[in-house]
Amino acid sequence: MKNRMTELLNIEYPIISAAMTWVTSAKFVAAVSNAGGMGVLGPNAGQTEKATSAEDMADRLTNEIRKVKALTNKPFAVNYIFPMGGASEDPFTNAVFEVLVKEEVKNVIAIGQNVVERELKRLKAQGINVIYRDLSPTVDKLVEAEKMGVDALIVTGYEAGGHMSDYKISTLSLVPQIASLVKIPVLAAGGIVDGQGAKAAFAMGAEGVYMGTRFIATEENPASIETKKAILAVRSEEFIEFKSAIGNLRTIPTEAGKKALELINQGKHEEAYQYYGEGFKVGMLDGDLVNGTISVSEAAGGIQQILTCQEVIEEIVDTLYAR
């Protein structure tokens, strides 16, 4: 299966696992890459507690990258967060950059509210492929990202899990618009959990898929088994959403999620934060369905089994090519 995305990344299939906070690890990333896709080390990859400093984070990331290299000789990527809020620099971003150079990592998933020119230039100067995912994508923002020189775009619809866009634009609406306007490859994200969804994304002009939720419910993913079971049990109509201090959030209706929604509806935003502020780790990594939140795609209702990463990718490829 060859197209511009597979050629850019030197991978067999244009199927990339998302850079999910807390729920990636070397074992998981290597499993995706060994299956012919490309795994991505996300924030806090392989960890069970937060780093105490930028230096500590860099050490942990270095160790995790070396673990990936010991498990696969296939391409993989690292999450790269552009400085937020207009900041020109960020010590954690700088630390990640130094690790990328030292460890000769050649692919990043760059995430932000816009492309930071300084960061893009220094990544490209090191020969690193930059796949850009805007946290709140619009047509204008992604067209501008192409002009600035990114290598590929992740076009994320509101259906996606994690920190959701400020704009409620669906994958179905956004992907074909972007694909028709840019000349670089596009990855579709948001609501894609199987081969049929991937097939639809390709029909809309995408040249690959960027998937999170489906890969959480795999054997190799470090998420708690309780989290994986909750994903299998949830139905798409059961999710709750609220506007939080860190953006729009969707969660399986855990006790913490329901309490946060209740407090936000009462205007008690500071009180609500305690129920979701650490929710991704508590809910998704630790599997605490009372005190944590589980933020996944609204398409999670279509996930019926915990599979291996190999099986997830094979199902997609089999559906695309009916082999």
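**A close look**

A: L263 is found in helix α11, which covers residues 255-265. Helices (H or I, at least four residues) and strands (E, at least two) are DSSP runs, numbered from the N terminus. The model is a predicted one, in which local features need pLDDT of at least 70 and side-chain atom pairs count only at pLDDT 80 or more, while totals for chains, interfaces and linings use all residues. Residues are numbered from 1 along each chain as its sequence is written, and side-chain values use heavy atoms, with hydrogens and water left out.

L263 has a relative accessible area of 5% and is therefore buried; buried means under 20%, exposed over 50% and partly exposed in between, for a 1.4 Å probe and protein chains only. When its neighbours within four places in sequence are set aside, L263 is in contact (heavy atoms within 4.5 Å) with K268, E271, A272 and Y275. From L263 to L187 there are 76 residues in sequence and 37 Å in space, C-alpha to C-alpha.

The aromatic rings come next. Rings of Phe, Tyr and Trp (its six-membered ring) pair if their centres lie within 6.5 Å; planes under 30 degrees apart count as stacked, over 60 as edge-to-face and the rest as tilted. By this rule there are 5 aromatic pairs. One of them joins F28 and F215 edge-to-face, at 6.1 Å centre to centre and 70 degrees between the planes. Because F28 belongs to helix α2 (residues 26-34) and F215 to helix α9 (residues 213-216), this pair ties together parts that are 187 residues apart in sequence. F28 is buried at a relative accessible area of 0%, and F215, at 0% relative accessibility, counts as buried. Another pair, F242 with Y276, is tilted, at 5.6 Å centre to centre and 50 degrees between the planes. F242 lies in strand β9 (residues 240-244) and Y276 in helix α12 (residues 269-276), so parts 34 residues apart in sequence are tied together. F242 is buried at 5% relative accessibility, and Y276 is buried at 2%.

A charge sits over a ring if NZ of Lys or CZ of Arg is within 6 Å of the ring centre and within 35 degrees of the ring normal. The charged end of R122 is placed in this way over the ring of F97, 4.2 Å from its centre, and K281 lies over the face of W22, 5.8 Å from the ring centre.

Helix α2, which holds F28, also packs against helix α14 (residues 309-321), at an angle of about 35 degrees with the axes 8 Å apart. The axes are lines fitted to C-alpha atoms, for helices over the stretch in contact, and angles run from 0 to 180 degrees between N-to-C directions. F28, A31, V32 and N34 of α2 meet C309, Q310 and I313 of α14.

Two backbone positions complete the picture. Most residues other than glycine have a negative phi. N44, not a glycine, has a positive phi of about 65 degrees; N44 lies in the loop between β2 (40-41) and α3 (54-71) and is partly exposed at 26% relative accessibility. E104, also not a glycine, has a positive phi of about 55 degrees; E104 lies in the loop between α4 (91-103) and β4 (107-112) and counts as exposed at 62% relative accessibility.
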